Amino acid sequence: MASFAVRSAEDGVPDDVAASVQQRVLDVLGLCVAAHRLPTSAAAIGHVLDQGGHAQATAVGVPQQVTAAQAAFTNGVLAHSLDYDDTHLPSVLHPSASVVPAALAAAEHVGATGEQTVRAIAVGLEVAVRLGMAGYDERLGNSVFFEHGQHATSITGAMGSAVAASLLHGADERGVVDALGLTASMASGVIEANRTGGTVKRLHCGLAAQAGVTAAQLVRRGFTGPPTVLEGRFGFFEAWLHGRFFASAVTDGLDPDGRCRDWSVPGIFFKPYPANHFTHAAIDAGLAFRARGVRPEQVSSITVGVASAVIRTIGQPIEVKRAPATGYQAQFSGPYAVVAGLLGGSGLGLGLDDFTDDLARDPRRRALMARVEVVADPRCDAIYPHQLPAVVTLRTTSGEELVEEVLTNRGGPARPLSDDELAVKFADNVAARLAPPAADAVRRSVADLRGASDVRALLTPLSRLSVPEETP
């Protein structure tokens, strides 16, 4: 892994990988701006500012610079807080929300070039995905991390962040191994909040990015980690996966000289909608029914068929999913997803303004959600988790039965988002918070990132945001 990391940092990455990284940088920065609407974002920023420290890097929406580790923490919290960040399947990781903030903070601190930053992000994402896939059990059809209640996103995201940050600090192979060795003792994350509530999950990618930057800095000062940090008797795989891991997922496509023949980065799924990824196919089905002319008053019942494994997240307990109390709960509700799609919204079909507390409690929406069932579908079970499909059946008051089969996810390799669509998502995310000239400057800087002498032109326009008169 270290050989691959250093070789890629020195020799570069394929153009399609670099282009994918640039798309993810724009996506993450837009999410960081959008997340300023949340009280938890203000709390995280306030916490950071209380810590003080040297001015090293930019936290989005914070006029004064903070330390690199604090910037990574802040931007990681912001990037993941809206559940709108990208997803790798079948590992069900959200890698960019930690790796991109860590790399940008380290790059700004050390004055790295845009090309160096792109390479470091690419490698960090690849490391996170490969370690996540080491915990994916094909026979189980799920991640062993999740079966143990662990948030693989923050655990493997911390490791990817450490590699990215250490490369930007000029680490050699041993330095990369040491950074992984230190970060393994800081990586963490428990996913109980997904099931029963709580906002702690919003911290996870921030803590992961912070851990990666901190590890890279400590290695520069002489700290070392175990050379067998991953596969050792008491290493990463034993501690997290209890020794039940798949080594080939880490090394497949990596040559002994460090060359990568099979990059995962371009295949990471973008999210077109700001909700749990398990709900997206149901949103697509709702949008499709709307396009077919179905009106809300015509709906007698809706059955959302999904993979068995996702029901506990978006369909149970059904009485809660039919009546989400907040916009955040609505992001994890199958009934809300299909109803919101049927009613239509902003952005790429549904946007952030379609997941507010008021809309979650809207009587009209709740009346429709009361008619929605979420059930297991064998076709979806056969596809999951390589896609997150849904087969949705709508019965009208006149007795007509309409079916929408959404077997691939929009935003993934089978149905990719174009640069123009990602620009729409970015514009929707920064609307009313980032002045149009600043938004244009960020888009141009991302497009030109590989030729930039540093990342300051990218990050400086993001240090000051506007406060909308009415926050949704």
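The structure is a predicted model.

Helix α2 spans residues 15–34, and its axis comes within 9 Å of that of helix α23 (residues 436–447), with a crossing angle of roughly 155°. Because angles over 145 degrees count as roughly antiparallel, α2 and α23 are assigned to that class. The crossing of this pair is right-handed. On the α2 side the contact involves Q22, V25, L26 and L29, which meet V442, R443, V446 and A447 of α23. Six of these residues are nonpolar, one is polar and one is charged.

By class, the contact of α2 with α22 comprises eight nonpolar, three polar and three charged residues.

Helix α5 (residues 96–110) also packs against α2, at an angle of about 95° and with the axes 10 Å apart. This angle makes α2 roughly perpendicular to α5. The residues in contact are R24, V25, V28 and L29 from α2, together with S96, V100, P101 and L104 from α5. Six nonpolar residues, one polar residue and one charged residue make up the contact of α2 with α5.

Helix α11 consists of 20 residues, 201–220. The distance from its first C-alpha to its last is 30 Å, close to the 28 Å expected at 1.5 Å a residue. Following α11 is G222, which has a positive phi, near 110°.

Side chains of opposite charge can pair when their charged atoms come close. Across the whole structure, 28 salt bridges are found. One of the pairs joins the side chains of E115 and R450, with an N to O distance of 2.9 Å. E115 belongs to helix α6 (residues 114–133), whereas R450 is in the loop between α23 and α24 (456–459), so this pair ties together parts that are 335 residues apart in sequence.

Conventions: Residues are numbered from 1 along each chain as its sequence is written. This is a predicted model: local features need pLDDT of at least 70, side-chain atom pairs count only at pLDDT 80 or more; totals for chains, interfaces and linings use all residues. Side-chain values use heavy atoms; hydrogens and water are left out. Axes are lines fitted to C-alpha atoms, for helices over the stretch in contact, and angles run from 0 to 180 degrees between N-to-C directions. Helices (H or I, at least four residues) and strands (E, at least two) are DSSP runs, numbered from the N terminus. Angles under 35 degrees count as roughly parallel, over 145 as roughly antiparallel, 65 to 115 as roughly perpendicular and the rest as oblique. A crossing is left-handed if the near helix is turned anticlockwise from the far one by less than a right angle, and right-handed if clockwise. Contact means heavy atoms within 4.5 Å. Ala, Val, Leu, Ile, Met, Phe, Trp, Tyr, Cys and Pro count as nonpolar, Asp, Glu, Lys and Arg as charged, and the others, Gly among them, as polar. The expected span of a helix is 1.5 Å times one less than its number of residues. A salt bridge is a side-chain nitrogen of Lys or Arg within 4 Å of a carboxyl oxygen of Asp or Glu.
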